[in-house]
Every structure is written in C-alpha cells, then in structure tokens.
Amino acid sequence: MMRRAITLLAVFLAALPAAVFASYSENSPEFREVTSQLNMDGHSDHEISTCKVRKAYNSEVIDMLNKGMAPGDIIRYYTDELGPGALKIPEKEGSGLLAWLMPVAGLAAGGAIAVTAIKRITNRKTKRDSIREPGSSLSGGEYASLEETLDNERRKYF
C-alpha cells in the first residue's frame, strides 16, 4: 500500500510542472486579453481571417505568453516598439490623454463658433428691422433725396 501511495505521489509531482506551465492557445483568456487591447487590424488588402500580419502578431503573443510574460508586459513591449498606435484604445495618461481630450476640444470649439455665428446673424437681423421701423426720422439730406426720388417717380406716371 505504501508503495502505491509513493508511486501516485511521484506521478502527481511529475505532472504538476506540466499543469503549471501549460501552453497557451488562441482560446486562452490571457491571449484574448492581450489581443483585445492591441491594434492588429488595418491591413486593407487582406481579409481578417487570412491576414498574414495578424497571424504573425498572434503567434508572437502566444510565444511570449508561453515564455512566461504577463499580459501587461506584452502590451508594454508592443507600445515601446510601435508607440501608442499599437493600442486600440489610447492610454488615459501622458500623450494618450491628448487623444481623449481632442474630440472634446473640437466639440467645444465648434459650439463656440456656432454660437458666435448665430449671435451675429440675429444682431444683423435686429439692426435691419430697427432701420425699417416706420416713424423713424430721416436726416435733412436723406429726406431731400427721398423727396426727389418720389417726385421723379410721380412724373413718370402722371
């Protein structure tokens, strides 16, 4: 009985390192975590399923995981090599923060331009309406010019 227990313990201990250092595949959650953050698309002349560059990225990530690198280390490796463009979503610190703030700044600038344009249009309209108000007094030269124009028009028809 003791011999059997020792044999089972030896088999278990021999299998333990293989279970701990199991190889990763494309279905493992660690692989999916890394590839979901990396920008491996953008090869317009290839389909996603047959893209050789994407397959090379995938095999590199699997090799790195099998060598014992953590997902964060792999992502850091690619951002060091390729810059912030290696990520699908920019980081929320450093230069990646600029990528998050630019759309907000663009919307604010566009809104300011729209508000300014609307104010100018409404100011012009109110000025035009105030000029056309009946009962507004004309200066001497304007009144004389208007009177002369009206006299000329009357002579044409009478």
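This is a predicted model: local features need pLDDT of at least 70, side-chain atom pairs count only at pLDDT 80 or more; totals for chains, interfaces and linings use all residues.
1. Buried means under 20% relative accessible area, exposed over 50%, and partly exposed in between, with a 1.4 Å probe and protein chains only. By that rule Tyr 57 is buried, because its relative accessible area is 19%. Tyr 57 sits in helix α3, where helices (H or I, at least four residues) are DSSP runs numbered from the N terminus.

2. Residues are numbered from 1 along each chain as its sequence is written, and side-chain values use heavy atoms, with hydrogens and water left out.

3. Helix pair α3 and α4. Two packed helices are described by the angle between their axes and the distance between the axes. Here the axes of α3 (residues 52-66) and α4 (residues 71-82) come within 11 Å and cross at roughly 130°. That makes α3 oblique to α4; angles under 35 degrees count as roughly parallel, over 145 as roughly antiparallel, 65 to 115 as roughly perpendicular, and the rest as oblique. The axes are lines fitted to C-alpha atoms, for helices over the stretch in contact, and the angles run from 0 to 180 degrees between N-to-C directions. The crossing of α3 and α4 is right-handed, a term used if the near helix is turned clockwise from the far one by less than a right angle (left-handed if anticlockwise).

4. Glu 33 belongs to helix α2 (residues 29-37) and counts as partly exposed, because its relative accessibility is 37%.

5. Salt bridges. The structure holds three salt bridges, each defined as a side-chain nitrogen of Lys or Arg within 4 Å of a carboxyl oxygen of Asp or Glu. One of them joins Asp 73 to Arg 76, at 2.8 Å from N to O. These two residues are three apart in helix α4, so about one helical turn separates them. Asp 73 is partly exposed at 33% relative accessibility, and Arg 76 is partly exposed with a relative accessible area of 49%.

6. Helix α6 (residues 140-157) contains Asp 151 and Arg 154, three residues apart, about one turn of the helix. They form a salt bridge whose closest N and O atoms are 2.9 Å apart. Asp 151 is partly exposed at 27% relative accessibility, as is Arg 154 at 46%. Glu 153 and Lys 156 also lie in α6 with a spacing of three residues, about one turn, and their side chains meet in a salt bridge of 3.4 Å, N to O. Glu 153 is partly exposed at 34%, whereas Lys 156 is exposed at 60%.

7. Surface patch. Ile 89, Leu 97, Trp 100 and Leu 101 form a nonpolar surface patch with about 390 Å² of accessible area together. Patches are made of residues with over 30% relative accessible area and no salt bridge; like charges are joined within 9 Å and nonpolar side chains (Val, Leu, Ile, Met, Phe, Trp, Tyr) within 5 Å. Accessible areas come from the Shrake-Rupley method with a 1.4 Å probe, and for residues only the protein chains shown count as cover. Trp 100 lies in helix α5 (residues 95-131) and is partly exposed at 36% relative accessibility.
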